Structure formats: C-alpha cells, structure tokens
Amino acid sequence: MLLLRRRSCSGPLLLLLGAAVCLFYQNRNRLRSGPRPRSAALDVQSWRPPEEVLLEETRTRRWISSLEALHVQVWSQRPPRRAVVLTGHHLVSDPEVQLYQQVLQQMDYEVQLSRYAETSSLLRADHGVRGWSLLVCLSSSERSCLRRVSFSHLQHHQTVNLLPRIIEAFSDAGEGLCHFYSQSHLTGSELPMMPHACGSTNEKLQVPQDPAGANRHSPARAPPPALVAMVNTYVLVTSVKPLTSFLHDISVVTTNQEQRGRPIKLRNFLLQRLGPPTSHDALGQIKKVIGDVLLAALSTNDKQETLSRCVLCYQLLTFTLLFSGSITPVIVQVETDLTFSSLSRDTFDGQITKDLILEDTLHFLSSETQTEVRQYGGCRQTDGVCLSEDEFLLLLQFQRQMKMPSAFQLLYPSSSSSSSSGPLRVSDLLVRISRYYELQRNQSYITDESEERTNQEPALSSSQDLSDGPCVDPLLRQIYSDPPLTLTPPFSPRVKEYRAEVTFDTVMVRIRPQPVSSACRVHLDEHRGPRMANYPVGLGNSRISILVTDDDGEPESVVMTIYTVRVYRESRPSLPMFGDHVTCGFVQDCGLPVQPGRSCGLQPLIRTQSSLQTCSSGHVPGRWVVPCLSCSDNRTCDWREVAWQPDSCYHPLMDRPLLQDCLTDRKVLFIGDSTNRGMMYFLMERVNSSLEDWGKAHDTLVYRNLNGGQTLVSYSYYPQFWLEKNQRPTFRQALLQLIDRSRPLVNSNLTVLVVGGVQWLNTNHLRTVREVLNRESLSDVLVLVKSLGMGFHLPVDGIRSLSLKEVQDLYRENQNIITAAKHHGYEVIDTFSITMGRYKEFLQGRCACHFHEVEKFWSSGLSDDTTSTANTTGTGPELGSQSVVPDTDQEAWPKASSYHVRGPVNQVYSEILLSRLCSKTRN
C-alpha cells in the first residue's frame, strides 16, 4: 500500500502527494455544479467572496501541479515497450491488424504478431509477465486471452484491451439475457435497458416508424421535435472499481429516412435534430443512461473484482440506443466489441470508422513513458486516506486523460456526481479532477481567453477535423481494399510506392484511400476520378494511381501527392506433367455459365485417331484442352499446355516464310476497337519477326514498311466512345476514311478488310460493309469478321457492366452475327467462343476484355513469358501458347527497343485469322 502521513513521509514523492491530497480534501465541497453556460458560470462565481474564489482556484491549481509533478517522477523511466497483437482469424493484411502495427510502431513499440496466446513466444510461461507492455486481443482471439492471461498477476505497467468483469457482465446468459440481470434482482423497468440486449441477436433491430410507439421507459411527454433513431455509441471503460468510462464523439445513426447507417459526430447529430438547448440535454441523458447501466452491471458480484485486477486494462463496447420520440434513449443492444453492422461494407465505412476509434483509443491510453511504481509505506492517521499503488496510478492516468485533447469525452464519473460525506475516497478525487477541468472550460467562456482544450470539450477525432480550408497535410491515413491487399512495404502515410500480389482467382479489387485530413480529397487515376472504385486486375502487372488533391477554392483541383500501387496478378497455377495424365476439355467456366444447357468446367476428352481435315472456316466449334492428373480438380493441370482444339478439324499454322509469301502485295485494313488492334499488331510481329512501332492509337494509322515494303497494314479505331454522340464519326464514315487512306486498292482478295471488336458489332454494321464496298467497287475483297468477345462482365465503376443474363444474350447476338456474315459471304473468327472459357485471363484494362498487351524489349532475347505462334509440326489439331515455329531466318529474334505482343488467348484467334487469310489461293 502507498500510505500517506501528515507529519512525516519517506521521499519527496510522498511529500508532493500528501500536499496534493490535503489540498483536495480542503476543497471537497467546491465545484459541485455541472456544465453551465456563460450566465450560469457567472452566477456560480457571484455568490462567493472574490478572495475565497481566488484562494480555492489557487489551491486547486497547486494540487493539479503537484499531481503533474508526481506524473513526471513516476513515468520518468521505462522498460522496453513490447506489444503483442493476437490476430486470431484475422489475416496479416487485414486493415485492423495493419492499423495496430502502424500506430504502435509510431508509438515506439516493438510489435509481435501471433494468432493466439498459446502460440506467442512472449506469453509463454518461461517469459513470465515481464516480456510485454501491451496485449491486444482481436475479437477472434478473445477466448484465448481470457484462458491464458492471469489478470490478477499483471504488473502495473502492463495493459490488456480486455476487462473480464465487463465481458462477463454483458455476456449472454441465454436468449440474449444479459448476465448481470441473471445475477441480480433487477427488473426490466428499473433500468433504461432491454434485459435481453446482450450477445449476438438474430433479429435485426428496427427503428420505430411512429413516435407514438415510444418505449415504455421514455417519459410520457416527449419534447418537440420528436427524435426517432437508432444510434450506436462507442464507450471506453478504463476502470471497473471505481468506474471510469469515456464516450467517443463518433456515432452511427440509422433513421426512418436513412435505413443505411451513417457515421456522424454525436453532438452534431443531436444539434441538427434537436437544436442547441435540447441537444445538450439529450447528450446528458445518453451519458446518464449508459452510466447507470454500467454501474448496475458492475455492482453485481463485487467479490470477483479483486481476482481480476488490472490497472491499465480497458474495454471498448458498443451501446445501441433507441430514441422513440424522447430525448431519453433505451439501450437495446450491448456488445463487448466495436460493431458497425448498419454501415455498408461496400464503402468501407465500418472499417474506416472502427480504425479511427481504435487509433484514438491507443493515443488516448498511451503515455510517453512507463515504469513500475516503487513501494512506499505510511498512512494519513487523522483523515484515514490511504491510496494503494493501483489507486495512485489510476489517479495519474485519469488526470492525464482529462487534460489531453481527445476524441473521447468523460462519461462517468460526471462532474455533477455527488461526493461522499465521509473521508475522501478515490471516486471523490476523480470527481474533483473532472470538476477542475470543467471549471477551466467555463472560465474560458467568461474571459474569452484562449485556453488549452481539455477532455471536457472533446477535440476532433483522428479524421473528423475541419473539412473547410486548404489541404495542408496531403497524406493518406490508410488504403482500404477488398479483398485486402498485402502491401510491400507495409503502409505508412509517408511512403508513396507500393507493390502487391494477388492470386489468379482475384479478378477485381475494390479500393478506397482515406486521407489524414478531411480537408484533402482523394481521386483515383485522374483529377476527377472517384474516391472509391472497383479495379479489374488483369494478369501480370496493373497500376493504381491515388491522387491527394486540394480542391479548396480552385476551379481545377491541385494535386498535392500521388501514391502508386502496382498489383501483380499471378497466372493460373500449373502442375507440370512428368508421367501419365489425361486430357481434359472445357467450353465454359462454371463461374460464368454463358450457355446454361452445356456442361461447364473440365470434362474428360477422348481423342480420336482418325485423320483431321483442315478447317473450312474460322468459326468451327471447338474447346480448350489441357493435360491433367484428374479432370475433377483443375489444380492438377499443366495450364501452360492449354490449347484451343476445333471439334473435327484443325487450323493450319503458318510459318514465317509462308506467311510472308501469302501477304506479299496485299493490303490488310483493320477497323474496330483495341481488341481488333491487338490482332493487327500480332500480324505485324509475325510477318516482320519483330514489332518496331506500336501505340494505343485511337485514330487512323497506316504502316507501309511490312514484309520488306511488300505489305501494307492500316487501322481505324471505331467507335470513338469518348466523344459526344453527335460528334462521333459513324461506322460508314470511319470505314470510308480507312479505305481512302489505304488507296490504291484492288478489287480482289489482295485487299483484306478485318472488322470487329468486343461488343459493339451488330448485323447492321455488316450491311453497311456490303453497301460501302459495293459503292467503292470493292465487292470482291476478302472480308474477315472478328465476332464479339468476353468483357464488361465485372461491376467496374464508370463503365457499363453486364449481368449474367446480358452475357447470355450477347452469346445469342454473336450467333446472329455469324449467320449474317456467312450470308454476305464473309469469313468469321468466332472470338466469343474462344474467350468464353478463359474470361478470367484478361490483361490490363478496365473493360476486362483485353486478351493481349504489348511489352517493350530492351535486349535481343525474348522474355520469359513470350507467347509462341504455332506448334512444331504446323499441322496439329491444337493452337496453344507453348507451340513454337522454328525460324531459319536469323532476324527472327526481336531487336533492341522492339515490342512484343503477348497474350495466349489473343494469340489463338490471331493465328486463326492468319490461317483464314492465307487459306485461299490468291487471284
């Protein structure tokens, strides 16, 4: 025990503390009134002699100064600060885990992550209790902590984010009945709380539709305007006996008009709905209701308190309050964790709000230094005031928390709490500390002087700062993503470049960056980009740019900071085949059943030994084939060997000399979107053995240097969707311009027109092709139609997104296009059937429709992921990405600074294009 003597004490520490308690004892009748406005504060001062008021104010300041001096002496040295975070089921990439790591490291903690208490090296028996300073048990590891940690043997400098008394009191005793109700003689009418308000509930809480249905706990006469809402408030309990608790300024509100909850500062919500006078009373009622319930819950089974003593332990709780027309709420749900079920998960509002409260909590509870308190002897014999070490530390902690600016405001004890008439107790000292800091605020009202902000007038929380004004701190607090991205390096506001890897099955990531200051704005990719968006993640590398801007008073936002996240998506995992295997085939993926009547996924494939004929068209039905150990498990397949196989024929593969001869004196005209352009660049690379010129052109291009100058390739982008509809060139205009730029043209298959794209082509365009060619005397040119393709199937912000039914309708439209093309005598490359089964293997692009990309070479060799162009025989039934045409020409390898078109799916239908282009004898 820390014993205080009136006449003699050992050490300067006790002299200071003795003086402090003495001063407090002399002033125990002071400041019994609660928060008052300016006029009330003047009335309090007016009935007492000025010299008495000044004397008491001086004594109180001296007492607080003495306590602060004690704080400096006690916390002057510290052991190494080690924090253990038990994650339970949470992944390391979970934002909550990352938040604890980031904030604790900023507070100079060494952070150890472990799943459970049993697996943590610092919590093992051989380390005792000296190896750590802070233990954070996330929700899924809570039981492990309660089993492993002996709260009665913790040292004074150790902190745990659990209070067993609180957890037990608000545990579910059955059917939602709060445990403390079952241990007491309380009835539902004695507390402003539903008895069955604890534990997880299967019934969603509903906001009453009519104020007339007010709860029986509410006063009979509700002041106007009636308040009808469900409000989640977040409470921090820092001590059980005596009770000390704080209310965070953020709440989550659900009303009849807003069924989806929204985070808002509690004071602001009450002020908006009730006005200044009534909102102050409503906030007081909230504090009283929660305080009464906490006192009642902790008043039962007091004997257990000494067994679970932990001075610096704390507990966060969620109190759901129901306002049914009165300013006095009823507690309808209590949870011993932070919950945000009413907030939309899609917008990350729940995670962001939770992170803000957790960060505020860590800063609120932290102190710059920590150490053990030495044992002292002695006791005040006349007044009988004895402070244990626990009580001494509690006073020091409470005084510091009341002084510091914070997002927490005092909940209990309140400054209006009554003091005992007998000897001073710790609870009396706590009340007087709160009254002292409240008086400071009231004096600032009177004198209009600039006083230091205290806990009695909460500071703005970590992100609820003023949104007006310039962006002076253009940093991100966190980058939220779903699924969570594991960033390398771990996120830190001052680090601007990050990398992340995702698995093959991760085709989309939702991103929401959160700025440190709400005066700053965030935009994704461009100045006017959204603050949150779904990003398709193509195979290989993708880049996400996050712009932190200042939009204050400027017609154009000013970019202050740019963060970059480079995401690498892995290819489909492959299992190399070294022995016996089976051949499996698939037409469509079960994740997107485009043809409901056909099987999906891998199916056993029986190869026929009969000789195959050359395919007579580019739209012959086929399927993808792949070697596997078992067709029932796609993880046993060697996906590097996947190939396209027509059902009853094969497409001849052109080696380079034959292709060059085929294209001599020919002109190939492409009209379409970027998928059509990908086929064009593939053709150019195959003919020239390298691609020397490349660009994401959105206009008309003409290449005259192919095949030693013997082949011309031209291209026109259509449709120009970025223009207003009345300014876009029509398909007829774009086609005529392409023809004019490519002249002179001959009316034979020496002239080739390739038309098509992802999903804009329809049968009307084919009629336009026929009309234009007839008018231009080009009716005998070779026309190849690239049919529709997969894409736009992901819910990406800012562009259209197709439902499953719309994708199925698109397949039927594709069949109509094939039929119309055959009617006009055109060749067709059925790219829809080819992309349908491998729709997940798209590359970069928001549409998820690009199955090619162009990469630059800086050396004379091919990259590791080079895609090949044909199989070794040139006559096999399959088109795959591992087939290689042997080149006798030494110029076959790309030169320095050349480009390469990669993408196995694009390669397959581009090879079919070349096969059909060269299938007929030239005139």
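Arg510 is found in strand E16 (residues 508-515) of a predicted model, in which local features need pLDDT of at least 70, side-chain atom pairs count only at pLDDT 80 or more, and totals for chains, interfaces and linings use all residues. Residues are numbered from 1 along each chain as its sequence is written, and side-chain values use heavy atoms, with hydrogens and water left out. Strands (E, at least two residues) and helices (H or I, at least four) are DSSP runs numbered from the N terminus. Arg510 counts as buried because its relative accessibility is 17%; buried means under 20% relative accessible area, exposed over 50%, and partly exposed in between (1.4 Å probe, protein chains only). The side chain of Arg510 makes a polar contact of 2.6 Å with the side chain of Asn534. A polar contact is a pair of N or O atoms within 3.5 Å; within protein, one must be able to donate a hydrogen and the other to accept it, and residues adjacent in sequence count only if both atoms are side-chain atoms. Beyond its neighbours within four places in sequence, Arg510 is in contact (heavy atoms within 4.5 Å) with residues including Asp346, Tyr480, Asn534 and Asp797.

Met560 lies in strand E20 (residues 558-569) and counts as partly exposed, because its relative accessibility is 37%. The C-alpha atoms of Met560 and Val472 are separated by 9.2 Å, although the two residues are 88 apart along the chain. With neighbours within four places left aside, the contacts of Met560 are Cys471, Pro474, Val548, Thr549 and Asp550. Over the protein, 74% of the contacts with a separation of 6 or more join residues 24 or more positions apart. The protein has 19 helices and 35 strands, and 57% of its 923 residues count as buried.

In helix H13 (residues 656-663), the residues Arg656, Leu659, Cys662 and Leu663 are buried. They lie on the same side of H13, because they cover an arc of only 125 degrees around the axis, the arc being that of the directions from the helix axis to the C-beta atoms. The buried residues of H13 pack against strand E27 (666-672), helix H14, strand E29 (711-717) and helix H19 (904-917). At the start of H13, a side-chain oxygen of Asp655 comes within 3.2 Å of the backbone nitrogen of Leu658. Asp665, in the loop between H13 and E27, has a positive phi near 65 degrees and counts as exposed, because its relative accessibility is 52%.

Most residues other than glycine have a negative phi, and most peptide bonds are trans. Ala848, in the loop between helix H18 (831-836) and strand E33, has a positive phi near 55 degrees. The peptide bond from Lys241 to Pro242 is cis, with omega near 0 degrees. A cis peptide bond also joins Arg743 and Pro744, with omega about 5 degrees.

The largest pocket holds about 1600 Å³ of space. On a 1 Å grid over the protein atoms alone, a pocket is an open set of points where a 1.4 Å probe fits, with protein on both sides within 12 Å along at least five of seven lines; lining residues have an atom within 4 Å of a point. Grid points are joined across faces, edges and corners, and a volume is the space filled by probe spheres set on the points. The largest pocket is lined by 44 residues, with Phe721, Gly845, Arg846, Cys847 and His850 nearest its centre.
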